[in-house]
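Please examine the sequence and the structure shown below.

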Amino acid sequence: MSVHVSQSAHKIQLWRRLGSVQYRDSSLLQRQHLSSFSSKADRNDDLVTLEASPDTGVATLRMHRSPANSLSMEMMQSISGAIRKAESDRKIQSLILTSSLPSGIFSAGLELTELYQPDLARLPKFWESFQQLYLDLYGSRLSTIASIGGPAPAAGCMLSLSCDYRIMTDNPKCTIGLNESQLGIVAPPWLAQQYIDVIGNRNAELALLLGTLFTPQQALTVGLVDELVCSGDSSIDEMAQRKAAEFIRIPPKARVAAKELTRGTQIAKLSGNREEDTEFFCSFVTTDTVQKTLGSYLEMLAKRKK
Ligand SMILES: CCCCC/C=C\C/C=C\C/C=C/C(=O)SCCNC(=O)CCNC(=O)[C@H](O)C(C)(C)COP(=O)(O)OP(=O)(O)OC[C@H]1O[C@@H](n2cnc3c(N)ncnc32)[C@H](O)[C@@H]1OP(=O)(O)O
């Protein structure tokens, strides 16, 4: 086992060094012109806002990475940083995760430019930031509530799955689910497991195979969200606050211990397997087949917009 781990660590080092080498697949070098998908690194400083209220014990983490709260490496690090900041305040017991984008989009999932024709030096760090975000949110001592006012595909769904409670706007245009298979990729095992835990094995099996995006009503039926709020009703924030207060009434030690009972094993599993997981991701996402499918998906998104 230890030999396997050290070999894996060696491969990760190799990945990092490969960053200085250009991506070599000639078909990918002939880039399609995808102007809306051209950004990579962004500034860390204005992607999320954390509002802590020591009086109520509730902090609200608002995501506002325009246009769709897609998760770039910096975005994931900012969310992780805000979670840790809220946790470091002993007066805070609950965290509401929401979007403050005017479009209402909760999160469009991983930033696709991080996956398509990736920067090879950045790729392992990008994935490690995704793992870290899962560990920080899923393993948080805080009671966490996702207030989902808009679409939450793929890693956007992961953000909500990592919370303790999910409230969603009842607007059929706002869909949620792990749609990775439609992009020619697959959810990592720790994310798939969250899905199985929340919606059950058969529902998850079908939804993962088909890349299903559930409407809010369907999501409620399969248990992917816990509560719906009428579309256009501003009370989603109030409902989240009310739920947070309900969680806060439970003695913190018992609440945290209860959470550990259901999540501890999965958290320990990924914590002990991060390098292999990163290595697998880097190898998988850079294959020609995955890159071609991602390219077509991006084109489809751009065309749909036109
Ligand atoms: C062990 C390892 C196993 C291997 C693992 C391999 C891979 C990883 C696998 C899984 C983890 C998770 C993966 C992901 O999260 S992949 C991302 C999946 N996301 C999507 O499919 C969503 C795509 N977007 C949409 O469907 C729509 O944009 C929307 C979110 C429903 C919103 O629709 P709306 O009509 O309101 O807006 P637009 O479509 O006009 O979009 C606005 C704006 O945002 C840009 N954008 C949208 N999504 C993304 C994105 N994910 N990344 C980057 N940019 C995005 C879009 O281009 C528009 O930009 P513009 O500048 O034109 O305004």
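Helix α5 (residues 123–138) packs against helix α11 (residues 252–271) at an angle of about 155 degrees, and their axes lie 11 Å apart. The two are thus roughly antiparallel, a term for angles over 145 degrees, whereas angles under 35 degrees count as roughly parallel. Here helices are DSSP runs of H or I with at least four residues, strands are runs of E with at least two, and both are numbered from the N terminus. Axes are lines fitted to C-alpha atoms, for helices over the stretch in contact, and angles run from 0 to 180 degrees between N-to-C directions. The model is predicted: local features need pLDDT of at least 70, side-chain atom pairs count only at pLDDT 80 or more, and totals for chains, interfaces and linings use all residues. Residues are numbered from 1 along each chain as its sequence is written.

The crossing of α5 with α11 is left-handed, meaning that the near helix is turned anticlockwise from the far one by less than a right angle. On the α5 side, Gln131, Leu135 and Tyr138 meet Arg263, Ile267, Leu270 and Ser271 of α11; contact requires C-beta atoms, placed from the backbone, to lie within 7 Å. The residues of this contact comprise 4 nonpolar, 2 polar and 1 charged. Ala, Val, Leu, Ile, Met, Phe, Trp, Tyr, Cys and Pro count as nonpolar, Asp, Glu, Lys and Arg as charged, and the others, Gly among them, as polar.

Helix α5 also meets helix α3 (residues 73–88): their axes come within 9 Å and cross at roughly 25 degrees. This angle makes α3 roughly parallel to α5. Again, the crossing is left-handed. The α3 residues in the contact include Met73, Ile79 and Arg84, and those of α5 include Phe126, Phe130 and Asp136. By class, the contact of α3 with α5 has 8 nonpolar, 4 polar and 3 charged residues.

Strands β1 (residues 48–53) and β2 (residues 58–63) run antiparallel and are joined by 6 bridges; strands pair if DSSP finds at least two bridges between them. Ser53 has Val58 in β2 as its bridge partner. In the hairpin, 4 residues lie between the strands, and Gly57 takes a positive phi near 80 degrees.

Finally, 29 residues surround the ligand, the closest being Ala68, Ala108, Gly109, Ala154 and Ala155; a residue is near a molecule if its C-beta atom, placed from the backbone, lies within 6 Å of it. This shell has 20 nonpolar, 5 polar and 4 charged residues. Its largest share, 5 residues, comes from α12.

Conventions
Parallel < 35°, antiparallel > 145°, perpendicular 65-115°, else oblique. Contact = placed C-beta atoms within 7 Å.
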